[in-house]
Structure formats: structure tokens, C-alpha cells
Amino acid sequence: MARKFSIWYQVTGMYKRLPEVAKYATDLTGRTVIITGANAGLGFEAAKHLADMKPGKLILACRNLQSAEEAKAQIVEATKCATIECWKLDLLSFESVKEFVAQFEKEGGGKLDLLIQNAGINSHGPYKRSADGWEAQLQVNHLAPSLLGFLLLPYLEKAPSSPPTPRMTLVASEMHHYVEIANDPSGSLLEALSLEGMFEDTIRVVYSFYPKEKARYPMTKLLNVMFARSLGSRLPASTGLTINSVNPAACMSGLQRDLNHMMMVRVGQRWFFRSTEMGSRTIVHAALSNEAQGKQGAYWNNCQEEDVSDWLLTEQGKRVQERIWNETIDVLSKIDNRVPDIIREYLP
């Protein structure tokens with residue numbers, strides 16, 4: 001039976017030892033794998049685990065290619081995997097996403113077995129917009145990964161359905177429990193969540209200790225969970241593809257780099273955060289384990305399926321999830337006209 005979320009459950013969960021990857025590892029010979037943000041932290045550790053499984057092609061999709069090449073060298077030294085490639089992917093640019101997909105069309109081999117959407121940012125600095133006009137965290141953590149997922153969906157559907165079957169895993173967070181989308185703007189909800197002023201008027205923070213002005217990251221993780229649930233619920237029963245989201249929990253990773261100047265964060269990382277290797281086990285489990293297969297839109301925590309936030313299961317939460325799905329499709333269809341065609345073909 002799924003555990004209900006609480007702050008105490010979150011904190012004590014940090015000390016839970018998770019199954020060794022060997023318990024759910026699989027042979028990836030001949031399989032093509034993409035992991036975003038694989039040059040550091042959770043992505044690096046997850047890529048190292050995957051490299052041990054002899055993938056046919058392991059693509060490290062990273063914003064900084066020099067950093068990716070350095071990560072590749074370390075992974076090769078540790079695993080002797082000779083099939084690792086580093087490809088440029090900057091989620092702050094929709095054009096970069098399209099260029100990445102164009103490269104995959106030419107060099108990917110015609111099918112994709114595993115897509116791990118790990119890259120993300122958690123910015124506590126000044127409000128920042130991308131060159132595409134969206135608030136940076138909203139674009140990097142939700143819109144750009146959604147575009148990547150849609151454009152790569154045809155290749156995931158072409159992957160063989162024999163084990164390990166194809167999968168798309170989005171790295172979310174238990175922090176999606178921290179926020180609710182409380183107010184219903186008359187215009188675009190996504191645009192309201194992107195604007196500097198309207199954002200705070202649109203969301204509600206569930207826990208009083210969490211500052212409302214810093215809640216953009218939890219909000220984007222809520223959108224990750226919504227996207228996995230929405231996409232998973234629309235896949236036809238005949239598909240071999242599984243979509244899910246996963247919480248690696250708070251880890252000592254580069255995601256906190258904007259906060260490392262704070263003594264409280266440094267102390268918290270030492271006593272209450274997981275190692276990135278331990279957190280990466282949850283990602284690989286959601287992406288490869290037999291128990292996750294076919295459970296569309298499921299949310300995984302501590303290598304077990306768990307309930308999403310209570311609010312998301314309310315009628316209001318369901319309506320907002322549907323609205324976010326439709327608005328995301330509208331936004332991305334303007335960015336790339338292949339999106340509506342892909343949705344019509346693969347999500348009938």
C-alpha cells in the first residue's frame with residue numbers, strides 16, 4: 001500500500017538504503033539510450049550504471065559538450081563501455097531541442113529504447129527569461145523536455161517490445177507535494193506561471209515554511225508528474241512503451257549549486273541529503289525494472305510506486321492537469337508543427 005507524503009516521511013526516507021542496481025539491471029546490448037544532463041550529479045551516476053549494462057549506444061545529452069566529454073572519459077574508465085557518445089542539448093533553447101532530434105534522425109539508428117529526462121535547473125537567483133520568452137525553469141524543466149518527448153515518441157514506439165521494453169522516465173521530485181495551482185487565470189495558465197508577478201498569485205504553497213517566491217522549482221516538478229500522467233493515460237493499450245516519473249529525493253548534486261553559499265544548505269547536504277549514486281538508483285529502477293513496466297504515468301519513490309500529491313487527485317487537480325496538457329500542446333505546436341501530427345498518430 002502506498003505511503004502518504006509527509007515532511008517526516010520525506011526526511012526519514014533520506015536514510016533508507018535502496019536496492020543495488022544489480023537487482024534490476026538488464027542487458028542493454030543493441031539498445032539505444034538517451035539521458036539528459038548526464039555530465040554531472042544524478043545524471044552522471046545513472047549514466048555510469050547504464051554503461052555497465054553494455055548499451056548499443058549511450059547518448060549523454062548535455063548543454064556543455066566539454067563537460068560531457070570529461071564525464072564520458074570518467075565513465076569509460078570505470079566501465080570500459082565503448083559506445084558512449086556526447087551530443088549537444090540546451091533546454092534553454094527550443095531550437096537546440098530540434099537540432100538534437102534532427103541529429104537523432106540521422107545518427108540514432110531509427111529507434112530509441114530508453115529516454116531518461118534528467119536535466120533540470122533549480123534557480124533561487126533573480127527572475128530569468130529564456131531567449132524563447134519563457135521563465136527559465138518553466139522552459140528547462142517542463143516545456144523543453146515535453147517537446148523532446150513528443151519529437152522522440154515515434155522512435156520510442158519503434159523500439160522492440162521484448163524486454164527491456166521502451167520507456168520514458170521523467171525525473172520529478174517529492175517537492176511536487178509542496179505546491180498547488182490555486183487560481184484560475186482567464187488567459188493562459190502556462191503564461192501566468194511564467195510571469196514574474198502572476199506566478200505568486202496563481203500558486204499556493206502547502207507548507208508555510210517554504211517561501212512562495214522560491215516555489216517555481218516545485219511547481220515545475222508538479223508539471224513533470226502531470227505530463228507523465230497525461231501522456232501515459234493517452235498511450236494505446238497496444239503500446240510497448242511505458243511513461244513514468246521518479247523522485248530521486250534531495251541529493252548532493254549540482255542542482256543546489258545556486259544555494260551552496262548558504263551554511264544551512266551545506267549542513268543539510270551533509271546530514272539529510274542522499275549521495276548522488278544512491279539517488280541515481282531510483283532513476284535506473286524507474287527506467288528499467290520489471291515492476292515499473294506497463295504502469296503508465298506512475299510516480300516512483302524509494303524504488304516503489306507511490307501516490308502523487310493529494311491535490312492532484314482532486315477534481316480541481318485533474319482539471320488543471322488537463323488544462324496544462326492542452327496548453328503545453330498548443331505552445332509546442334507553434335514551436336514545431338510536427339507535434340500535432342505525432343499526437344494524432346501515436347495518441348489516438
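**Salt bridges, stop by stop**

Select D113 and R31: both are buried (under 20% relative accessible area; exposed is over 50% and partly exposed lies in between, with a 1.4 Å probe and protein chains only). The model is predicted, so local features need pLDDT of at least 70 and side-chain atom pairs count only at pLDDT 80 or more, while totals for chains, interfaces and linings use all residues. Residues are numbered from 1 along each chain as its sequence is written, and side-chain values use heavy atoms, with hydrogens and water left out.

Stay on this pair and show the side chains. D113 and R31 form a salt bridge, 3.2 Å from N to O (a side-chain nitrogen of Lys or Arg within 4 Å of a carboxyl oxygen of Asp or Glu). D113 sits in the loop between α4 (94-107) and β4 (114-117), and R31 in the loop between α1 (7-13) and β1 (32-36), so the contact ties together parts 82 residues apart in sequence. Helices (H or I, at least four residues) and strands (E, at least two) are DSSP runs numbered from the N terminus.

Next, select E105 and R338. Their closest N and O atoms are 2.9 Å apart, in a salt bridge. E105 belongs to helix α4 and R338 to helix α12 (residues 338-346), 233 residues apart. E105 is partly exposed at 40%, and R338 is partly exposed at 29%.

Move to R204 and E180, a salt bridge of 2.5 Å, N to O. This one links strand β7 (residues 203-205), which holds R204, with strand β6 (residues 179-181), which holds E180. R204 is partly exposed at 41%, whereas E180 is buried at 16%.

Finally, select E20, E277 and R281, which are linked in a network of salt bridges. The count of salt bridges comes to 16.
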